[in-house]
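Look over the sequence and the model, then read on.

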Amino acid sequence: MGDEIQDILWTHVCDQFREEEGEAVFKNWIAPLIVDSIDGGVLRVLAPTAFMRDWVDSHYRDALMRLVRKENASVITLDIVIGPPHRFDAKLQTEKMMRALSKNTKTEDTEDALSLGLDPRFTFENFVVGKTNELAYAAALRVSESKEVPFNPLFLYGGVGLGKTHLMHAIAWHIKEHHPEREVIYLSAEKFMYQFIRALRHKDTMSFKERFRSVDVLMIDDVQFISGKDSTQEEFFHTFNALIDQKKQIILSADKSPSDLSGIEERMRSRLGWGLVADIHPTTYELRLGILQAKAEKISTIVPKDVLDFLAHKIGSNIRELEGALNRVVAHATLVGRNINIEMTTEVLRDLIRSNDRRVSIEDIQKKVSEHFDIKVADLLSSKRSIDIARPRQIAMYLSKMLTTSSLPEIGRKFGGKDHTTVMHAVKKIEAMSKEDIAFAEDVDILKRVLQV
Ligand code: ADP
Ligand code: MG
């Protein structure tokens with residue numbers, strides 16, 4: 001029974017995790033996950049909400065992965081996806097955490113809880129710069145190199161998986177290397193909260209304050225999480241002001257700009273925007289490709305250029321997902337000893353590609369292609385055979401195959417009831433022509449890009 005293997009594995013992982021990270025963290029973030037399957041080196045777990053998925057992904061992925069691999073070294077990738085709800089209510093998270101904390105009488109070592117826990121991969125060298133993140137990158141570098149405080153605070157914001165945590169860790173690494181005398185604290189807003197609540201409970205807020213106020217650089221990640229908790233917010237604000245007054249560098253990140261942070265007092269919101277607010281925009285195709293190339297260079301498996309290109313086109317959401325996709329493909333190829341090509345990539349990433357594809361429909365493709373060639377959609381659906389109609393029709397069929405998850409017969413049907421062999425022929429024809437004629441390939445590529453924005 002395959003089911004049992006993953007259940008046993010997961011139970012062990014949960015026990016270990018609980019021991020390492022404590023009951024509260026476990027209860028809040030790991031207990032609500034359901035283990036789904038192990039397949040081809042991929043362990044899949046379901047998270048009840050997108051928020052949970054992102055949180056677990058950005059905070060506990062590495063810890064989980066380490067524990068999973070200790071149990072079963074053949075697992076190469078951990079896939080966290082949104083699944084059915086399971087004893088979980090997002091709104092109750094904070095209350096639950098507070099309650100768990102007040103029951104838990106064991107004191108953790110403060111030093112330990114404040115320890116950096118920096119990811120060794122998150123350095124400036126490993127950060128690929130493009131138009132969408134150049135401001136944030138430049139600001140982060142400036143803060144790391146500068147003796148003076150260039151802008152305070154530095155506020156980085158952007159969507160999930162776009163590199164905020166990476167940049168913060170990079171700052172910390174840089175300072176540790178070049179100015180080891182400067183004391184840096186990096187922690188998530190969640191940990192900050194956790195520390196503060198614990199200090200309150202132990203009636204020890206003095207040393208908590210001292211601890212934070214004695215640093216040179218304080219980084220707090222995901223501050224949107226502080227919103228709404230009045231006492232923590234108050235304390236955060238005091239600490240923040242004290243550090244700013246002492247000209248200590250503060251760096252914050254959030255998924256929204258200061259002015260859009262809800263549940264944060266007005267005076268605080270405006271103060272957060274006093275320094276430099278640098279946003280990271282959604283990725284572009286060029287950046288995604290650059291990142292994939294950089295990652296591919298670091299691994300021993302060969303990933304053909306067209307596959308990287310394909311991934312950069314297909315996985316548009318965020319960089320974490322993009323990396324996950326590449327890892328999955330590589331893991332699969334290694335395990336089953338197959339070469340990597342577009343076909344197997346499509347197969348391995350079927351679910352991911354589908355969720356990234358949802359926006360493009362065959363109708364969109366027909367419309368864009370006929371606009372591009374200045375013909376009527378009706379012509380594409382007709383059985384006219386003149387080359388100025390037939391070629392665009394083939395391109396549209398090819399794009400339908402590439403950009404949607406429709407099957408060949410489905411595509412045929414949507415082109416005025418053509419046979420699936422006609423569609424297959426069109427796909428092959430366009431592929432062959434693209435190989436031979438660079439100008440043609442570019443033309444098709446442009447259409448592809450237009451359809452993907
Ligand atoms: P965020 O904190 O904004 O949610 P992360 O910093 O955790 O996102 O980034 C998610 C993943 O994407 C990490 O593995 C990170 O190394 C990678 N990543 C993000 N931006 C870049 C980039 N510009 N170059 C290389 N890797 C990146
Ligand atoms: Mg992050």
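How many residues surround ligand 1, and which are the closest? The model is predicted. In it, 18 residues surround ligand 1. The closest are Val-128, Gly-161, Thr-165, His-166 and Glu-323.

| Residue | Protein atom | Atom of ligand 1 | Distance |
|---|---|---|---|
| Val-128 | backbone N or O | nitrogen | 2.7 Å |
| Thr-165 | side-chain N or O | oxygen | 2.8 Å |
| Gly-163 | backbone N or O | oxygen | 3.1 Å |

On its own, ligand 1 has 560 Å² of accessible area, and the protein covers 95% of that.

What is the make-up of the shell around ligand 1, in nonpolar, polar and charged residues? Seven are nonpolar and seven are polar. Four are charged.

Where does Ile-76 lie? Ile-76 is in the loop that runs between helix H3 (50-71) and strand S3 (77-82).

Why does Ile-76 count as partly exposed? Its relative accessibility is 37%. Partly exposed covers the range between buried, under 20%, and exposed, over 50%. Ile-76 therefore counts as partly exposed.

Methods:
Residues numbered from 1 in each chain as written. Chains lettered and ligands numbered in written order. Predicted model: local features only at pLDDT ≥ 70, side-chain atom pairs only at ≥ 80, totals over all residues. Heavy atoms only, no water. Helix = DSSP H or I, 4+ residues; strand = E, 2+ residues; numbered from the N terminus. Buried < 20%, exposed > 50% of the residue type's maximum accessible area, 1.4 Å probe, protein only. Near = heavy atom within 4 Å. Polar contact = N/O pair within 3.5 Å; in protein donor to acceptor, adjacent residues only side chain to side chain. Areas by Shrake-Rupley, 256 points an atom, 1.4 Å probe, with all protein chains shown as cover. Nonpolar A, V, L, I, M, F, W, Y, C, P; charged D, E, K, R; others polar.
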